[in-house]
Amino acid sequence: MTTELICAGFGGQGVLTIGKFLAKAGMTEGKNVSWLPSYGPEMRGGTANVSTVISDDAIASPIVSFPNILVALNQPSIDKFAPSIRPGGILIYNTNMCPHGCKREDIVQISAPMVDIAKEIGNPMVLNMLAIGVIIGKTRIIKYETMEEDLTSFMKAKNPELLELNLKAIKRGIQIAQG
Amino acid sequence: MAKILMKGNEAVAEAAIRSGCRLYFAYPITPQSELIEYMARMMPKVNGTFLQAESEVAAINMVYGAAGCGKRVMTSSSSPGISLKMEGISYIAGAELPCVIVNVQRGGPGLGDIQPAQGDYFQATKGGGHGDYRLIVMAPGSVQEFADMASEAFELADKYRNPVMILADGMLGQMMEPVEFKPAKTDAEIEELGKQHHSWCIHPNEDGDKKHHNEINSLEIDPLVLEKHVNELYEKYAVIEQKELRYESFNVYDDNEILCVAWGTASRIVKSAINELKAAGKSVGMIRPINVWPYPYEAVAKAIGPKVKKVYVFELNTGQMLDDVKIAVSGKVPVDFWGKVGGIVFTPAEIQAKLEECF
Amino acid sequence: MEKIAYRPESLTSTPFTYCPGCLHGVAHRLIAEAIDEQGLINQMTGVAPVGCSVFAYKFFNFDMAQAAHGRAPAVATGIKRARPDMHVFTYQGDGDLAAIGTAEIVHAANRGEHMSVFFVNNAIYGMTGGQMAPTTLPEMKTTTSPYGRNTDDIGFPIRVSELIATLIAPYYIERVSLLTPADIIKAKKAVSKAIQYNKEGRGFTFVEFISTCPTNWGIDPIKSRDWAKENMLPFFKLGCLRDKGEGVE
């Protein structure tokens with residue numbers, strides 16, 4: 001099985017990190033992964049996006065043209081990438097910044113006011129972890145346990161409080177997906 | 001060793017350090033900045049030299065000096081910076097010094113843009129600098145291969161006393177994939193590596209060492225002497241052309257109706273398209289030159305199966321390796337080309353559409 | 001009988017190929033003597049430039065590198081970083097160092113790179129046939145300033161030692177001349193000091209030699225020295241601009 005994701009949003013929303021943690025967890029589970037960011041001037045506060053591929057087979061192109069999953073943290077990301085989601089694919093978006101949503105009916109749409117929920121959890125920075133939670137809750141790409149393990153080894157020593165908030169956000173994302 | 005998720009730019013830097021590179025001179029440029037930054041962080045930890053030079057020109061000449069001491073030394077840049085290094089590369093080739101140069105290509109000509117491209121194929125494989133010389137040019141197709149090539153490049157550079165270029169691009173530099181590294185060379189091993197060059201390189205007169213006068217030089221003012229030197233270089237290149245051919249055959253079978261030829265990043269996209277077509281019952285093969293100089297002409301020619309109607313070349317340029325493919329095919333079947341430029345990477349769907357037109 | 005004339009061990013037996021009356025041979029000899037005196041021959045290496053002294057790599061009796069035009073300080077940087085146990089110098093002319101190699105010399109000096117730079121200033125390009133150099137004097141005629149150097153058009157000669165002395169890192173900077181026996185004795189002292197500081201690992205040392213080019217100036221060797229005294233020395237003043245070892249800042 002091959003899953004191709006695009007995560008997109010404003011620079012600073014942590015979209016690159018969504019792809020990175022998913023890729024890392026995929027790698028931990030023994031899968032082939034690739035992570036390809038957009039780079040250049042847009043890194044400095046404009047729109048950012050990352051193509052992530054997680055596959056049981058060798059990955060040919062790391063460029064995702066037709067994603068199975070799109071995570072859109074703002075409206076321009078929906079406008080740009082939602083038309084190319086594969087039929088039956090998943091769109092996950094942040095209603096706080098996507099006022100017009102997406103009109104496609106041949107895909108699964110999961111949305112939530114992610115900015116509000118992140119603030120409620122206690123830190124706006126965990127917005128991207130909510131998105132990871134939704135992906136874990138909705139698909140079988142990676143296991144929650146793997147993500148928890150990776151995040152713990154990455155953050156436990158550096159910032160245990162943020163780790164707790166991140167795990168809380170992921171769990172909340174899973175609830176949203178299964179809700 | 002466990003796999004690490006890493007950017008190509010960082011992976012090649014780490015692999016170079018593990019291969020015994022303790023000297024790195026460079027100048028910042030996008031999209032290879034992670035490489036110079038990684039070296040800035042890591043070289044001091046292994047008692048190595050990281051030096052941000054005042055220019056690409058200075059950086060490659062620092063490489064010339066360090067390589068003249070027989071030490072493993074590397075520089076890296078992206079296309080416009082590589083152009084600036086060309087003077088020094090010609091001198092390094094002329095003086096037969098081993099070193100590794102990484103080009104993380106971007107769109108050109110001129111300042112161009114900073115997105116992935118393959119427009120430096122001619123520069124890398126056909127000269128670039130002045131005079132009769134060759135670089136060994138390796139073109140990675142994945143982050144793992146990018147990293148592996150660092151040690152392979154140093155081995156080749158030492159073996160042939162010749163500069164080796166790793167010709168990557170912005171995509172390979174910026175993307176992350178899992179990488180597994182070879183064990184790092186010890187300080188003692190690195191010391192020994194340097195000593196293999198003592199017959200010709202700059203080094204002190206040590207106790208018991210015969211007094212030497214080694215010259216690091218590309219100047220031969222007497223035409224007859226220069227002629228001899230260049231002929232000797234060409235004898236060396238002929239050996240490299242025999243021994244250092246590397247390529248990958250992908251889905252090459254007798255029932256192929258099309259044979260693709262692509263290298264580096266472009267080859268990955270083509271692979272995706274071939275896989276899609278295979279699922280639809282259409283047989284397309286591909287030769288991916290891994291070393292683009294020396295070029296695997298025979299491998300391309302031999303891969304043209306009995307049913308192949310066309311050889312299709314895909315590159316992120318306007319057709320540079322195309323010339324080599326035409327030499328390899330020698331008019332046996334038509335050769336077609338399609339490419340994208342401006343730093344735009346074609347998609348698997350676009351390649352698939354181009355290939356489907358041929359059926 | 002005491003032997004008073006001998007070839008320094010740091011010079012090979014290869015005969016110099018310079019024009020009659022040229023002072024490169026004197027400069028080479030001073031450097032070779034200083035290296036001998038400091039007992040550095042086994043740890044020494046040098047970088048030859050592009051210009052008349054392009055063959056300097058043949059004349060010095062230890063491992064030598066030949067550099068692209070102007071790049072000697074970068075090459076020497078690479079050598080010193082690769083072999084910190086060795087001592088390195090560059091030998092450069094005015095076109096090499098002050099025109100095409102300006103960036104390399106300024107930045108090597110600014111890094112306080114551990115090397116000695118011997119800079120020969122004779123106000124002209126020699127090897128290529130007497131063209132204008134960055135150090136060519138105002139109104140001076142050369143093959144590329146046939147009507148005399150027009151300072152309105154091409155600017156003034158560069159005083160390289162003074163330029164280097166604006167930087168903080170260099171340890172020792174002195175301008176000397178090769179025009180008279182007395183000056184040569186002073187020049188020898190400066191060279192010895194540079195090599196000694198190099199040996200002691202003090203940092204970047206720079207010696208500028210005011211020299212001549214009888215061939216391209218079209219003046220005989222003796223008169224060319226007089227010409228240099230009258231015309232070059234007023235513009236390029238001799239003296240020490242920096243000696244951190246002696247407290248001269």
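How many of the 11 residues of helix 1 (residues 8-18) of chain B are buried? In this predicted model, the count is 10, and the helix is mostly covered.

**View 1. Helix 1 of chain B is mostly covered.** Its buried residues are Gly8(B), Asn9(B), Glu10(B), Ala11(B), Val12(B), Ala13(B), Glu14(B), Ala15(B), Ala16(B) and Ile17(B). Just after the helix comes Gly20(B), with a positive phi of about 105°.

**View 2. The largest nonpolar core has 243 residues.** The residues with the most contacts inside this core are Leu22(A), Ala72(A), Val12(B), Val63(B), Val100(B) and Cys260(B). Domain 1 (4-195) and domain 2 (247-356) of chain B both contribute residues, so the core lies between them. In soluble globular proteins, nonpolar side chains tend to be buried together. Leaving aside residues up to four places away in sequence, Leu22(A) touches Leu5(A), Thr52(A), Ile54(A), Ile132(A), Ile135(A), Ile141(A) and Ile142(A).

**View 3. Five strands of chain B form an open sheet.** The strand order is 10-12-11-14-15, with mixed pairing. Strand 10 (247-250) and strand 15 (335-339) are the edges, each pairing on one side only. From one strand to the next, the twist averages 20°. Strand 10 runs antiparallel to strand 12 (residues 284-289) of chain B, and four bridges join the two. Phe250(B) has Met286(B) in strand 12 as its bridge partner.

**View 4. Chain B is divided into domain 1 (4-195) and domain 2 (247-356).** Taken over C-alpha atoms, the domain centres are separated by 27 Å. The contact takes 24 residues from domain 1 and 22 residues from domain 2. On the domain 1 side, helix 5 (121-125), strand 6 (136-138), strand 7 (163-169) and helix 7 (170-174) of chain B each supply at least two residues. That side of domain 1 has 14 nonpolar, six polar and four charged residues.

**View 5. Chain A contacts chain B.** The contact joins 16 residues of chain A to 19 residues of chain B. Helix 1 (15-28) and strand 2 (32-37) of chain A each give at least two residues to the chain A side. Strand 2 of chain A provides the largest share, five residues. The chain A side has 10 nonpolar, four polar and two charged residues. Five of the six residues of strand 2 of chain A are buried, so this strand is largely enclosed by the rest of the structure. Strand 2 pairs with strand 3 (residues 47-55) of chain A in the antiparallel sense, over six bridges. Leu36(A) stands opposite Ser51(A) in strand 3 of chain A.

**View 6. Chain C contacts chain B.** Here 29 residues of chain C are in contact with 33 residues of chain B. Strand 2 (64-66), helix 3 (72-82) and helix 5 (102-110) of chain C each supply at least two residues of the chain C side. Helix 3 of chain C gives the most, with eight residues. The chain C side divides into 14 nonpolar, nine polar and six charged residues. Strand pairing also links the two chains: strand 9 (residues 215-216) of chain B and strand 2 of chain C run parallel over two bridges. Ile216(B) stands opposite Ala65(C) in strand 2 of chain C.

**View 7. Val239(B) is found in helix 9 (residues 223-243) of chain B.** Val239(B) is partly exposed, with 13 other C-beta atoms within 10 Å. Val239(B) and Glu155(B) lie 84 residues apart in sequence. In space, C-alpha to C-alpha, Val239(B) and Glu155(B) are 15 Å apart.

Definitions and conventions:
Residues numbered from 1 in each chain as written. Chains lettered and ligands numbered in written order. Predicted model: local features only at pLDDT ≥ 70, side-chain atom pairs only at ≥ 80, totals over all residues. Pairing = 2+ DSSP bridges. Axes fitted to C-alpha atoms, helices over the stretch in contact; angles between N-to-C directions. Contact = placed C-beta atoms within 7 Å. Nonpolar A, V, L, I, M, F, W, Y, C, P; charged D, E, K, R; others polar. Domains from an automatic or database assignment. Buried ≥ 20, exposed ≤ 12 C-beta atoms within 10 Å, placed from the backbone. Core = buried A, V, L, I, M, F, W, Y, C linked by C-beta atoms within 7 Å.
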